[in-house]
Amino acid sequence: MEVDVFSVAIVDDQPVSRAGMEKLVSDDPALEVVASVGAVDDLPHTGRDAYRVVIVDLPAHGGGRALEIISRVAGIGRPLVCASWEQPPTLLATIRAGAQGCITRHTEQTAVRDALRIVAAGGFYLCPRLVGRFQTELTRQADDDPSGLAPREVETLRWIALGFTHAQVATRMGLSQATVNTYAKRIRAKLNVSNKAELTRMAIELGHLTESRQTYPAA
(Lines give C-alpha, C1' and ligand atoms only; values in the text may rest on other atoms or scores of the structure.)
Protein backbone atom coordinates (compact mmCIF):
# COMPACT_ATOMS: atom_id res chain seq x y z
CA MET A 1 0.00 0.00 0.00
CA GLU A 2 1.45 3.35 -1.04
CA VAL A 3 1.98 5.84 1.79
CA ASP A 4 1.76 9.59 1.33
CA VAL A 5 5.09 11.31 1.95
CA PHE A 6 4.98 14.85 3.31
CA SER A 7 7.65 17.38 2.37
CA VAL A 8 9.38 19.05 5.32
CA ALA A 9 11.62 22.11 5.38
CA ILE A 10 13.82 22.85 8.40
CA VAL A 11 14.90 26.34 9.49
CA ASP A 12 17.40 26.42 12.34
CA ASP A 13 20.47 28.63 12.76
CA GLN A 14 22.19 25.99 14.93
CA PRO A 15 23.92 23.41 12.65
CA VAL A 16 24.06 20.65 15.28
CA SER A 17 20.39 20.82 16.24
CA ARG A 18 19.45 21.21 12.57
CA ALA A 19 21.33 17.99 11.75
CA GLY A 20 19.49 16.24 14.58
CA MET A 21 16.15 17.36 13.22
CA GLU A 22 17.13 16.18 9.73
CA LYS A 23 17.89 12.72 11.15
CA LEU A 24 14.62 12.61 13.09
CA VAL A 25 12.55 13.53 10.03
CA SER A 26 14.46 11.20 7.70
CA ASP A 27 13.81 8.24 10.01
CA ASP A 28 10.07 8.60 9.43
CA PRO A 29 8.91 7.03 6.15
CA ALA A 30 5.98 9.45 5.99
CA LEU A 31 8.25 12.50 6.02
CA GLU A 32 10.91 13.79 3.64
CA VAL A 33 13.40 16.61 4.19
CA VAL A 34 13.37 18.73 1.05
CA ALA A 35 15.19 21.78 2.45
CA SER A 36 17.35 22.45 5.50
CA VAL A 37 18.69 25.97 6.02
CA GLY A 38 19.92 28.33 8.70
CA ALA A 39 17.51 31.18 7.98
CA VAL A 40 14.14 31.76 6.32
CA ASP A 41 15.80 33.88 3.65
CA ASP A 42 17.79 30.82 2.56
CA LEU A 43 14.71 28.70 1.85
CA PRO A 44 14.12 28.09 -1.87
CA HIS A 45 10.85 29.91 -2.60
CA THR A 46 8.95 27.85 -5.14
CA GLY A 47 5.57 29.46 -4.54
CA ARG A 48 2.87 29.46 -1.90
CA ASP A 49 2.50 26.19 0.05
CA ALA A 50 5.82 25.00 -1.37
CA TYR A 51 6.32 22.80 1.69
CA ARG A 52 3.80 20.73 3.62
CA VAL A 53 5.48 21.59 6.93
CA VAL A 54 8.19 24.08 7.82
CA ILE A 55 9.68 23.45 11.24
CA VAL A 56 11.13 26.71 12.52
CA ASP A 57 13.45 26.95 15.51
CA LEU A 58 13.11 30.56 16.65
CA PRO A 59 16.41 32.37 17.34
CA ALA A 60 17.20 32.57 21.06
CA HIS A 61 17.27 36.36 20.92
CA GLY A 62 14.99 36.95 17.95
CA GLY A 63 12.82 39.46 19.79
CA GLY A 64 10.02 40.87 17.67
CA ARG A 65 11.41 39.35 14.47
CA ALA A 66 9.96 36.01 15.57
CA LEU A 67 6.40 36.85 14.54
CA GLU A 68 7.61 38.26 11.24
CA ILE A 69 9.49 35.00 10.58
CA ILE A 70 6.42 32.89 11.38
CA SER A 71 4.19 35.05 9.18
CA ARG A 72 6.61 34.72 6.26
CA VAL A 73 6.86 30.96 6.69
CA ALA A 74 3.07 30.64 6.75
CA GLY A 75 3.06 31.83 3.15
CA ILE A 76 5.10 28.87 1.94
CA GLY A 77 4.07 26.06 4.26
CA ARG A 78 2.45 25.11 7.57
CA PRO A 79 4.73 26.38 10.38
CA LEU A 80 5.64 24.11 13.28
CA VAL A 81 7.40 26.41 15.73
CA CYS A 82 10.06 25.35 18.20
CA ALA A 83 11.25 27.75 20.92
CA SER A 84 12.19 28.04 24.57
CA TRP A 85 9.05 30.18 25.18
CA GLU A 86 10.86 32.09 27.94
CA GLN A 87 10.73 35.34 25.96
CA PRO A 88 8.37 36.94 23.42
CA PRO A 89 6.40 35.95 21.48
CA THR A 90 3.68 34.28 23.53
CA LEU A 91 1.99 31.12 22.32
CA LEU A 92 -1.15 33.09 21.46
CA ALA A 93 0.81 35.64 19.45
CA THR A 94 2.65 32.82 17.67
CA ILE A 95 -0.60 31.13 16.70
CA ARG A 96 -2.11 34.43 15.53
CA ALA A 97 0.98 34.89 13.32
CA GLY A 98 0.19 31.61 11.55
CA ALA A 99 1.78 28.76 13.53
CA GLN A 100 0.03 25.41 13.12
CA GLY A 101 1.97 23.75 15.91
CA CYS A 102 4.18 24.63 18.88
CA ILE A 103 6.85 22.50 20.52
CA THR A 104 9.78 23.15 22.86
CA ARG A 105 13.47 22.34 22.54
CA HIS A 106 12.87 19.62 25.15
CA THR A 107 9.96 17.92 23.39
CA GLU A 108 10.53 14.17 23.07
CA GLN A 109 11.43 12.85 19.60
CA THR A 110 8.28 10.74 19.33
CA ALA A 111 6.19 13.81 20.10
CA VAL A 112 8.06 15.84 17.47
CA ARG A 113 7.24 13.18 14.86
CA ASP A 114 3.61 13.21 15.97
CA ALA A 115 3.60 17.00 15.66
CA LEU A 116 5.04 16.87 12.14
CA ARG A 117 2.52 14.28 10.99
CA ILE A 118 -0.46 16.10 12.53
CA VAL A 119 0.52 19.49 11.11
CA ALA A 120 1.28 17.93 7.70
CA ALA A 121 -2.17 16.33 7.69
CA GLY A 122 -3.80 19.72 8.30
CA GLY A 123 -4.22 19.54 12.06
CA PHE A 124 -2.91 21.64 14.94
CA TYR A 125 -0.44 20.40 17.54
CA LEU A 126 0.49 21.76 20.96
CA CYS A 127 3.23 20.02 22.92
CA PRO A 128 1.89 18.64 26.23
CA ARG A 129 4.68 20.58 27.99
CA LEU A 130 3.05 23.81 26.79
CA VAL A 131 -0.55 23.11 27.77
CA GLY A 132 -0.23 24.75 31.20
CA ARG A 133 1.41 27.85 29.72
CA PHE A 134 -1.26 28.07 27.02
CA GLN A 135 -4.08 27.81 29.58
CA THR A 136 -2.44 30.57 31.61
CA GLU A 137 -2.24 32.82 28.56
CA LEU A 138 -5.90 32.17 27.76
CA THR A 139 -6.86 32.98 31.35
CA ARG A 140 -4.88 36.20 31.31
CA GLN A 141 -6.53 37.21 28.07
CA ALA A 142 -10.00 36.44 29.41
CA ASP A 143 -9.49 38.22 32.73
CA ASP A 144 -9.80 41.98 33.04
CA ASP A 145 -6.38 43.54 33.29
CA PRO A 146 -6.00 45.45 36.60
CA SER A 147 -4.87 48.51 34.62
CA GLY A 148 -7.97 48.39 32.43
CA LEU A 149 -5.99 47.48 29.30
CA ALA A 150 -7.59 45.27 26.67
CA PRO A 151 -5.60 42.17 25.56
CA ARG A 152 -4.39 43.80 22.34
CA GLU A 153 -3.39 46.90 24.27
CA VAL A 154 -1.36 44.73 26.65
CA GLU A 155 0.39 43.12 23.66
CA THR A 156 1.08 46.56 22.18
CA LEU A 157 2.47 47.76 25.52
CA ARG A 158 4.87 44.80 25.65
CA TRP A 159 6.26 45.46 22.18
CA ILE A 160 6.66 49.20 22.78
CA ALA A 161 8.38 48.53 26.12
CA LEU A 162 10.77 46.17 24.33
CA GLY A 163 11.93 49.06 22.15
CA PHE A 164 9.94 48.65 18.95
CA THR A 165 8.59 51.58 16.96
CA HIS A 166 4.86 51.82 16.20
CA ALA A 167 5.56 50.77 12.60
CA GLN A 168 7.48 47.69 13.77
CA VAL A 169 4.76 46.82 16.29
CA ALA A 170 2.16 47.07 13.52
CA THR A 171 4.12 44.60 11.37
CA ARG A 172 4.53 42.12 14.20
CA MET A 173 0.89 42.28 15.29
CA GLY A 174 -0.51 42.27 11.76
CA LEU A 175 -2.18 45.66 12.24
CA SER A 176 -2.05 49.05 10.55
CA GLN A 177 0.22 51.68 12.07
CA ALA A 178 -2.84 53.87 12.62
CA THR A 179 -4.39 51.14 14.80
CA VAL A 180 -1.20 50.81 16.83
CA ASN A 181 -1.09 54.60 17.23
CA THR A 182 -4.64 54.45 18.61
CA TYR A 183 -3.73 51.63 21.00
CA ALA A 184 -0.67 53.55 22.20
CA LYS A 185 -2.76 56.67 22.83
CA ARG A 186 -5.30 54.66 24.84
CA ILE A 187 -2.52 52.97 26.83
CA ARG A 188 -0.93 56.29 27.77
CA ALA A 189 -4.31 57.66 28.85
CA LYS A 190 -5.24 54.59 30.90
CA LEU A 191 -1.84 54.39 32.60
CA ASN A 192 -1.49 58.16 32.92
CA VAL A 193 1.99 58.24 31.41
CA SER A 194 3.51 60.54 28.83
CA ASN A 195 6.72 58.94 27.59
CA LYS A 196 8.29 55.59 26.69
CA ALA A 197 10.38 55.32 29.88
CA GLU A 198 7.23 55.59 31.99
CA LEU A 199 5.47 53.07 29.75
CA THR A 200 8.30 50.58 30.27
CA ARG A 201 8.25 51.12 34.03
CA MET A 202 4.49 50.53 34.13
CA ALA A 203 4.82 47.42 31.95
CA ILE A 204 7.23 45.97 34.53
CA GLU A 205 5.12 47.01 37.52
CA LEU A 206 2.00 45.44 35.98
CA GLY A 207 3.84 42.18 35.31
CA HIS A 208 3.66 42.47 31.53
CA LEU A 209 7.43 42.73 31.13
CA THR A 210 10.33 41.44 33.22
CA GLU A 211 13.47 43.50 33.80
CA SER A 212 15.53 41.11 31.66
CA ARG A 213 13.33 41.69 28.61
CA GLN A 214 14.31 45.31 28.24
CA THR A 215 17.56 44.46 26.44
CA TYR A 216 16.10 43.04 23.22
CA PRO A 217 16.90 45.14 20.14
CA ALA A 218 14.23 46.83 18.07
CA ALA A 219 15.40 45.32 14.79
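**Entry 1: α7 and α8**

I began with two helices of this predicted model, α7 (residues 166–173) and α8 (residues 177–191), whose axes come within 8 Å and cross at roughly 110 degrees. That angle makes α7 roughly perpendicular to α8, because anything from 65 to 115 degrees counts as such. I noted the crossing of α7 and α8 as right-handed.

Next I asked myself which residues of α7 and α8 meet. On the α7 side I found His166, Ala167, Val169 and Ala170, and on the α8 side Gln177, Val180, Asn181 and Ala184. Sorting the residues of this contact by class gave me five nonpolar, three polar and no charged.

A reminder to myself: two packed helices are described by the angle between their axes and by the distance between those axes.

**Entry 2: α6 and α9**

I moved on to helix α6 (residues 151–161) and helix α9 (residues 196–205). They pack at an angle of about 120 degrees, and their axes are 9 Å apart. Are α6 and α9 roughly perpendicular or oblique to each other? The range for roughly perpendicular is 65 to 115 degrees, so α6 and α9 are oblique to each other. I wrote down a left-handed crossing for α6 and α9.

For the contact itself, I listed Leu157, Ile160 and Ala161 from α6, which meet Lys196, Leu199, Thr200 and Ala203 from α9. The contact of α6 with α9 divides into five nonpolar residues, one polar and one charged.

**Entry 3: α1 and α4**

My next pair was α1 and α4, with axes that come within 10 Å and cross at roughly 70 degrees. These two helices are therefore roughly perpendicular to each other. Their crossing is right-handed. I found Met21, Leu24 and Val25 of α1 in contact with Gln109, Val112, Arg113 and Leu116 of α4. By class, I have five nonpolar residues, one polar and one charged for the contact of α1 with α4.

**Entry 4: the second largest pocket**

I then turned from helices to a pocket. The second largest pocket holds about 310 Å³ of space. How many residues line this pocket, and which lie nearest its centre? I noted 18 lining residues, with Ser17, Met21, Asp57, Cys82 and Arg105 nearest the centre. I had already met Met21 in the contact of α1 with α4.

I also looked up which elements give two or more residues to the lining of the second largest pocket: β1 (6–11), α1 (15–26), β3 (53–57), β5 (101–104) and α4 (109–120). The largest share, four residues, comes from α1. By class, I recorded eight nonpolar, seven polar and three charged residues in the lining of the second largest pocket.

Notes. Residues are numbered from 1 along each chain as its sequence is written. This is a predicted model: local features need pLDDT of at least 70, side-chain atom pairs count only at pLDDT 80 or more; totals for chains, interfaces and linings use all residues. Side-chain values use heavy atoms; hydrogens and water are left out. Axes are lines fitted to C-alpha atoms, for helices over the stretch in contact, and angles run from 0 to 180 degrees between N-to-C directions. Angles under 35 degrees count as roughly parallel, over 145 as roughly antiparallel, 65 to 115 as roughly perpendicular and the rest as oblique. A crossing is left-handed if the near helix is turned anticlockwise from the far one by less than a right angle, and right-handed if clockwise. Contact means heavy atoms within 4.5 Å. Ala, Val, Leu, Ile, Met, Phe, Trp, Tyr, Cys and Pro count as nonpolar, Asp, Glu, Lys and Arg as charged, and the others, Gly among them, as polar. On a 1 Å grid over the protein atoms alone, a cavity is a set of points where a 1.4 Å probe fits but cannot get out, and a pocket is an open set with protein on both sides within 12 Å along at least five of seven lines; lining residues have an atom within 4 Å of a point. Grid points are joined across faces, edges and corners, and a volume is the space filled by probe spheres set on the points.
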